[in-house]
Amino acid sequence: MAQETKAREDTGTDGAGHTAVGRRVTRLEGAAKVTGKTVYADDMKLPGMLHAKALYAPHAHARIKSIDTAKARAAPGVYAVITADDLPDYKRNDSNRQGLIFPDKEVLFRGQPVAAVLSEDPHVAEQAVEMIEAEFEALPAVLDAVAAMEEDSPLVREPLHDVDRSEERGHVSVETEETEQEGEPSNIASSAPFARGDVEAGFAQADVVIDRTWRSAMVHQSYIEPHSTIADYDISGELRVWTSTQAPFYIRDELAQAFGLPESRIRITATEVGGGFGGKIYLTELMVAALAIAVQRPVKYIMSRKDDMLAGTPAPYAHIELKTGMKRDGTLTALQSRLIYDSGAFPGAPMLPGCMLIGGYYRCDNIDIKGYEVLTNKVSVGALRAPGAHNATFAIESQMDMMANELGLDPLEVRLKNAVGEGDPMPNGQAYPAIGLRECLEAIADSDVWRRRREVEATPNRGVGLAVGGWLGGLQPASAIVCLNADGTLNVTVGSADITGSNTSFQQIVAEVLKVPLDMVNVETGDTRTAPYAGMSAGSKTVYTVGRAVKEAAEDVRQQMFELAMKRLEVEPEDMEVADGQVQVKGAPDRAMTFQRFGKLSTNFGAPFPVIVGRGSITARKMAPGFSAQAADVEVDPETGQVTLHGYAIAQDAGFAINPLSVEGQMQGGASQGIGIALWEEMQYDQHGRLLNANLLDYRLPTARDLPPIETIIVEVPSEEGPYGARIVGEPSIVAGAAAIGNAIDNAVGTRVDEVPITPERLLRAMGKL
Amino acid sequence: MPRQLITLTVNGREREVAVEPHWTLLETVRDALQLTGPKEGCGTGDCGACTMVVDGRIVTSCLMLAPQANGRDVTTIEGLQSNGSLDPVQQAFIDAGGLQCGFCIPGMIVAARNLLNDNPSPTLDQIREGLAGNLCRCTGYTKIFEAVELAAERIRGSA
């Protein structure tokens, strides 16, 4: 099925001379997805495959007294029951969630896997899990992160050692490190301070000082495809894994270390990811690989929705204390904050990015920021699209509005006055490169939602609010290969999982460099044996880094063709160009060799040219942070506390939108998740650490009924290193929603709710009606 | 467990399947009939990724038991394209950028097609209401609304 694109029909160039990038291009894999042909991990079956179902710990914190699997093993159709004792040797690290398959002494959160049953029939496996007789002795469970910091708090777990933070670094790459837990045993896994100037002096200069505490609930990525993994291991020592992941090479490296296997003997295939949002990096793969090694048969493990909510890696609850001061003219004079992120039972909470952003949007001479990553006996957390950012942004962006209100200043003007730009310091002192925060604010002022605000505010209980949000982005090396086929078409191979349409952007980049129609270029994500290395598709860096490698590989193909054409065209490479599917002499398009001719001359029997294979390999050291500004138009029902969203707009700096269609899709998708965080999404735990809403009815996601069409405005402030000036895109869109909606609600009814989601109950309580 | 023989029409073809009575229609279609387009996103009828049309009505097939589908007419995402070309709804989802990860799409498109069969000229609010049972986590729905509007326009234009 041919890819239909507007760009295809239109072969002209834009103002900058681009023929393929900067255009709205439909997905390379669109036809497969709309026909149901795309293969996700759960769609695969292997010969002899067993299904695994896990027994999840029924206590938030308990000692394992015994696990008797005799009855389960004896059940008809059960192939094996595997506990900690039955696992193959692996390098265990109890300090990391991903370093521990099944515990043997203590369970640390309700939902922690403790054993697995294998059967050819998934129903048999599920029933047999119920027959495992496990005895536990309950221990004190620590559930509140703030109370857990007290010196006399019971301990969540044994002390940490050798914490592996490599996954977190894939999401955000900043020049700073947290201080790991040391000294007396405590529930504080790590902490980090950032300071400059003198906050007390700053507050003394202020005309208004606001000091509030902001809370944001634990939320789940809620990809519609739950975690899905298949592993197979054969006697020769070859491990294959097919898994829904954003990070195939990362998993390969981790499994190689865990099992002591060479990376060349492990082959990870990132199957089509049915939504990841940071939650599908590395979680189930170690367990499934160990099960496959234990039984020497292929093993499939598909989490149910409930499993995934109990034992995935959701995004943390955060408690953020923030004190800010502002002068009458709107100058921010001081910012002091204590950020507490609830990490669950293992380290990994995104506290650092929260610290960087809470003091990272606005210029301020006096800051004092302390971040804490605190352990509790809840499921351990992971990344969700700009991990840690929305929590911190809810605090600072609510307070910017409150200070502006107190001083009678316009919320947009106050932000413009203080917004950071190129050269301004982040909390760690690192200077910002060129960024588009101001430009986003200027752009949102032009949105329909913001322009209509006076008219909207005239309606009782209706209001418009604004907030900014951003993300610093991850950095990792990347590579790509572009091969010229015999017929002149091009194959691109990359190692990055395509979670956002990145392969379509790569197709555009190659078509742009070589000036060929899009349908002459195809792109494949290879597995970790066939593809050149790429970092994880996380930290919004895929197009920014792998895109550069793809561009370089296409340029390499072009250069190789130029050099091979020298004899025949009788000019030097610098006098050649590519156009219309051929290499031609500049200014003389009739002196040319077509790509097809190069293809034949480099592949036929006895052909004179070597095979044309372009190589791109880059390292990325320069950040290209992305910002957005968002505006919400809400109506509050003062009797029920229901909030209705009438309009929503987002302006985001994409640097250069290689594919505006997919950039808009990222903006709208992230914005909708931010709206979910603002109004509905919350993992609710009871006093025993039981998750009360482990399903998609009670865990409320935004539906088509809830969301109006989201207005998008793409801002383009070029990055220094990204392909064609592109910068990070995927994550910034989720960040501002909580604050934008909180500000809109305050604008509508004059009530500030300091905890998201802003449920009807919380809103009515804040309005004094409950 | 003894299996039970059921007969159902799937995408226009009559199929006979021996099912266990507790199997859902979704697993019967996916595992026994090898039609893996419909997805299981929740198993509790909340997400809509398993949406099929049974006797002209939308069902969440993860909640329907296979024996209940005996004698019925079932359409899955695989039944939408015809004569080697995509259904206008499928094409519109591609053209409008109404898909990202694609996991919700087989259910979403089946629901959208059924919506347009019932109401060829839906308003935006009718589209929002009609698709409220199909969760999409990637798009924020904006481009899905545009896809359904585009499909409706094209279907009306070709009628």
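Student: How many residues of chain B are in contact with chain A, and what makes two residues count as being in contact?

Tutor: In this predicted model, 41 residues of chain B are in contact with 40 residues of chain A, where contact means that the C-beta atoms, placed from the backbone, lie within 7 Å. Because the model is predicted, local features need pLDDT of at least 70 and side-chain atom pairs count only at pLDDT 80 or more, while totals for chains, interfaces and linings use all residues. Residues are numbered from 1 along each chain as its sequence is written, and chains are lettered from A in the order in which they are written.

Student: Why is α2(B) called oblique to α5(B)?

Tutor: The axes of α2(B) and α5(B), which are lines fitted to C-alpha atoms over the stretch in contact, with angles from 0 to 180 degrees between N-to-C directions, come within 8 Å and cross at roughly 135 degrees. Angles under 35 degrees count as roughly parallel, over 145 as roughly antiparallel, 65 to 115 as roughly perpendicular and the rest as oblique, and therefore α2(B) is oblique to α5(B).

Student: Which residues of α2(B) meet α5(B)?

Tutor: Pro88(B), Val89(B), Ala92(B), Phe93(B) and Asp95(B) in α2(B) meet residues of α5(B), among them Leu150(B) and Arg154(B).

Technical notes. Helices (H or I, at least four residues) and strands (E, at least two) are DSSP runs, numbered from the N terminus.
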